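Dear colleague,

Please find the structure below, handed over for your records.

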Amino acid sequence: PGQSVTVDRLLGPLAPAASGTVTFSTPPGGNCFDPDCTVCVTADALGSVDETDESNNQLCATRQG
């Protein structure tokens with residue numbers, strides 16, 4: 001519990017309504033649980049881009065352990 005890893009990946013600017021893809025790997029064999037594993041991706045984590053909607057900058061997914 002309470003274990004976490006931060007992975008920073010740079011993705012260039014996106015046009016409004018555009019999306020981007022970032023690839024990363026979990027530990028070998030997808031061994032990510034305690035008992036479950038949640039991965040969150042945050043765009044503009046430092047809030048340096050002025051946006052009309054700041055609430056859509058994060059996506060989280062949970063994998064059952």
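**The disulfide and its surroundings**

About the S-S bond of cysteine 40 and cysteine 60 the torsion is about 110 degrees, so the disulfide is right-handed. The S to S distance of this pair is 2.1 Å, where a disulfide is defined as a pair of cysteine sulfur atoms within 2.5 Å. A search of the whole structure finds 1 disulfide. Cysteine 40 belongs to strand β1 (residues 37-42) and cysteine 60 to strand β2 (residues 58-63), so the pair ties together parts that are 20 residues apart in sequence. Strands are DSSP runs (E, at least two residues), numbered from the N terminus.

The model is predicted: local features need pLDDT of at least 70, side-chain atom pairs count only at pLDDT 80 or more, and totals for chains, interfaces and linings use all residues. Residues are numbered from 1 along each chain as its sequence is written, and side-chain values use heavy atoms, with hydrogens and water left out.

**Accessibility and backbone**

Cysteine 40 is partly exposed at 41% relative accessibility, and cysteine 60 is partly exposed at 39%; the term covers values between buried (under 20% relative accessible area) and exposed (over 50%), with a 1.4 Å probe and protein chains only. Valine 22, in the segment before β1, is also partly exposed, at 39%.

Aspartate 44 lies in the loop between β1 and β2 and is partly exposed, with a relative accessible area of 23%. Its phi is near 50 degrees, a positive value in a residue other than glycine. Most residues other than glycine have a negative phi.

Yours sincerely

Conventions
Helix = DSSP H or I, 4+ residues; strand = E, 2+ residues; numbered from the N terminus.
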